[in-house]
Each structure stands twice: as C-alpha cells, then as structure tokens.
Amino acid sequence: MIKLAEYLVDNHALKTLKLAKNKITDDGALALINALYYNSALRALNLGSNLLTERTLDAFIELLKVKNTIKTIHFNQNCAGTKNVRQKLKDITKLGVNIVM
C-alpha cells in the first residue's frame, strides 16, 4: 500500500481506483488518504470488502474538509459496524461525496 500511496502523490491522470477485496487495513488506508492530500485527479475510490473501521472514516472526513476532489467512495462490506458509522457517513455525504454502502 505504501508504494501505491507514493505513486498517487505524483499521479495526475488516474481518475478511478478500485481496491475492493484486498484485505486493506486502516493503516494501509491511512497511507492512501495521506497521499490524497497531494493528488487532485482521483474522483472515485472503491475500498469495499476490506478490513476498514471508523478510523478510516475519521481520516476521510478530515481529508474531505480540506480537499474535495473525490466525489465517490465505496465503503461497503468493511468492518465498520457501530452506530457512529452512520453519522460519519452522513458527515461525509454533507461534504459533497457520494458514499456507496
């Protein structure tokens, strides 16, 4: 995931990234999210069917507050399953991002 994150920092062409079913954990997603602070091209990100929790959602909320280039995030079938998740997903939607659950 680190190599992919490094690639995304300088990539200005990739619009959609599908990473579903890759057993990505929060640590991997956080590396990806940190790279997205520098990437302005990516519009859609599919992180469905991984091992992600609220920690990843919190990081996305912080990213999207300052950088709103991503318009769609697939977050279906992850480990995030608490009541707080629904509110966090609503918060992301309020930032102009379509969440697929």
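Select Ala 31 to begin; this residue lies in helix α2. The model is a predicted one. Ala 31 has a relative accessibility of 17% and so counts as buried, the cut-off being under 20%. Show its surroundings next: leaving aside residues up to four places away in sequence, Ala 31 touches Ile 2 and Ala 5. Then pick Leu 52 and draw a distance from Ala 31, C-alpha to C-alpha: the two are 13 Å apart in space and 21 residues apart in sequence.

Besides Ala 31, the buried set includes Asp 26, Gly 28, Ala 29, Leu 30 and Leu 32. Further along, Ile 33, Ala 35 and Leu 36 are buried as well.

What covers these buried residues? Among the elements to display are helices α1 (2-10) and α3 (54-66), together with strands β1 (16-18) and β2 (44-46).

Now move to the strands. Four of them form an open sheet in the order β1-β2-β3-β4, and the pairing is parallel. Colour β1 and β4 (98-100) separately: these two stand at the edges with a single partner strand each, so one side of each has no neighbour in the sheet. Ignoring direction, neighbouring strands of the sheet are turned by 5° against each other on average.

Finish on the pair β2 and β3. Strand β3 covers residues 72-74 and runs parallel to β2, with three bridges joining them. Select Leu 45 here, and Ile 73 in β3 will be found opposite.

Terms used: Residues are numbered from 1 along each chain as its sequence is written. This is a predicted model: local features need pLDDT of at least 70, side-chain atom pairs count only at pLDDT 80 or more; totals for chains, interfaces and linings use all residues. Side-chain values use heavy atoms; hydrogens and water are left out. Buried means under 20% relative accessible area, exposed over 50%, partly exposed in between (1.4 Å probe, protein chains only). Helices (H or I, at least four residues) and strands (E, at least two) are DSSP runs, numbered from the N terminus. Contact means heavy atoms within 4.5 Å. Two strands pair if DSSP finds at least two bridges between them. Axes are lines fitted to C-alpha atoms, for helices over the stretch in contact, and angles run from 0 to 180 degrees between N-to-C directions.
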